[in-house]
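Here are my notes on this one, as promised. Have the model open while you read.

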Amino acid sequence: MDNGDDAAKAASSLNSGFAMPDVATLQRMANEFYQAMPGTQAPDFSGAIPQNTVPKQPAMPQTAAMPAEVGDVPGMQDFGLTTAPHFTLPQVPGFDVPDFTQASAMNADAPFYFLGGLGMPAMPKMPTAVPKTDNVAVKDKAPAANPPILNSKFTMPPVQDLSLDDFTRPPAGTGDAGLYFMDEAFRAAGVSLETRKAANKGGDELREAFKQAREDVDPKKQDGGVPKLNLPLAPFDVEAVRRDFPILNQRVHGKRLVWLDNGATSQKPQSVIDRISRFYETENSNIHRAAHTLAGRATDAYEAAREKTRKFLNARSAKEIVFVRGATEAINLVAKSWGRQRVGKDDEIVVTHLEHHANIVPWQMLCQAVGAKLKVAPVDDRGQVILSAYEQLMGPRTKLVAFTQVSNALGTVTPAAQMVEIAHRFGAKVLIDGAQSIQHMRTDVQALDCDWYVFSGHKVFAPTGIGVLFGKQEVLEAAPPWQGGGNMIADVTFDRTIYQPAPGRFEAGTGSIADAVGLGAAIDYLDSIGMENIARYEHELMDYLLKGLRTLPIRILGNPEERAGVVSFVSSSMRSEDIGVALDKDGIAVRAGHHCAQPILRRFGVESSVRPSIALYNTCEDIDALIASLRRILNIR
């Protein structure tokens, strides 16, 4: 957002306001703190606090309140740093100083903010810090324009856009402070000492330990197969996120770009762009075939991306992850390998009325080829699958069920785990199309218990040309290859070919190596923010979008109980395509058309619709721009 007033307005709209004391209160608190310290004369905080300066603090020796294992982190015995922190907290609903202090033995909000902040891709800027007075509630106070952080335990130098990478390569002057902060967060969250010690080594081990920490903490599952984590999550700072996406800085037709076409494709963070560039600059080679150094680097990067994808989906093994070009190719792979082998005449395949064409056409082609039947589960007027009717379609001839986790036209979130359980009860295999869900919510394929799960990299902030097919190992091993060529073979003679085990048997030829590496970087990016943070923020943003759209004389298609990512609408006075063109003139990108989902649009009596779709970098300001433009386009006064 462009200024503090806009930020405050947007935060208020999301009901996510966060209160900090005014400057005078902070000055008083700082004086009281120093006066309470034995042998220390309080500096004068009565004037304005200049940026990037802070009165020198006495060295703070290690105390019993600090973690016993702090000695494992080199150089952390003395916190007498004097350089001022320099950042602004994002807007946080119901924020209170105890919200930070109660979970941390350090009893200091700024360190704990940094610790929780490891869940963010980029740390916000900071104004000058002042010392902290313990147990001072700041709730319900008016926020300062640049609220200082209360902190007596440590200070850090000004760092803009601090990220997890900055902890692996600490900026000059930070020493090992970042490692200490992470150690304290992990300790407070109950992360194992072994993982914490690995984190203290820094570098790649730090990054891997950060991911492992999420697995160490409370393995219980929530509804829908989402891991329940107690690891502190940072307040979501959308402005910090936006700074990671360079394309959002441009103007279209002289207007600020408002990208609301995320359902078609997502934009890419700088970390993904840089990772692809680095691959071509330092690692480019074909994989799996040579003993030279670059081949080893490329192979390691490619297989590391496979392992990152495994963890992201919570698959049991990297052998269950097949790289393809996208969700469409993944569905076709299943249809032409497992489907041609296991589906026969008069067998049945069940889909839903919500499906994208990519989850309809391959099954139609299979049914036509083998004489099977395609059945369609209906949806109600709200756009939700009618589960009773869905279950009635099942029978002894049902071989496969394929459905979307989130509708690309309506945004309906389907009860995926329940639908899988019903299908399995009748002995059918299940494929879930996650192309529109993977970027909005945590996905756990083991909890879902699906047989296949597919998604496209470009929908999840990765490059185009890369996608993923998850398949249960036993299901993949039982299916024949669908393409022949190099890489997927173990041995070839003119009489016979022996194929590689999965996933290699499904990856014929040279794959999209750099794009797979880019997918790994995109997963790193999402992990650094936390999918729970993203889901929570987007839920509020979707509510704000719907609230705005409902002020207009338009028809919103569907009203599902749970919606993610997209919403579609039509106007009785203007064609959808014309609305899309008019919005573009205001710099606003939406999708207008049938969205490759003609059956569900026709279910609602239309041939096309306008579809704004959100992502983690969208803001209330984006939504306000959309609504204002629509009011002008539709001539609403």
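1. Start with D622 and R256, whose side chains form a salt bridge at 3.0 Å, N to O. Keep in mind that this is a predicted model. The two partners come from distant parts of the chain, 366 residues apart: D622 sits in helix α22 (residues 620-633) and R256 in strand β2 (residues 255-256). D622 counts as buried because its relative accessible area is 0%, and the cut-off is under 20%.

2. R306 is buried at 4% relative accessible area, whereas E303 is partly exposed at 27%.

3. Also in α11, R310 and E307 are three residues apart, or about one helical turn. They too make a salt bridge, with the closest N and O atoms 3.0 Å apart. R310 is buried at 14%, while E307 is partly exposed at 29%. Elsewhere, shared partners join R242, R256 and D622 into one salt-bridge network. The structure holds 28 salt bridges.

4. Next, look at how α10 (residues 270-283) packs on α18 (residues 513-529): the angle is about 145° and the axes are 8 Å apart. The crossing is right-handed. Residues in the contact include F279 and Y280 from α10, and V517 and Y525 from α18. By class, this contact has ten nonpolar, two polar and one charged residues.

5. For the overall picture, the protein has 22 helices and 17 strands. Buried residues make up 56% of its 637 residues.

How values were computed
Residues are numbered from 1 along each chain as its sequence is written. This is a predicted model: local features need pLDDT of at least 70, side-chain atom pairs count only at pLDDT 80 or more; totals for chains, interfaces and linings use all residues. Side-chain values use heavy atoms; hydrogens and water are left out. Helices (H or I, at least four residues) and strands (E, at least two) are DSSP runs, numbered from the N terminus. Buried means under 20% relative accessible area, exposed over 50%, partly exposed in between (1.4 Å probe, protein chains only). Axes are lines fitted to C-alpha atoms, for helices over the stretch in contact, and angles run from 0 to 180 degrees between N-to-C directions. A crossing is left-handed if the near helix is turned anticlockwise from the far one by less than a right angle, and right-handed if clockwise. Contact means heavy atoms within 4.5 Å. Ala, Val, Leu, Ile, Met, Phe, Trp, Tyr, Cys and Pro count as nonpolar, Asp, Glu, Lys and Arg as charged, and the others, Gly among them, as polar. A salt bridge is a side-chain nitrogen of Lys or Arg within 4 Å of a carboxyl oxygen of Asp or Glu.
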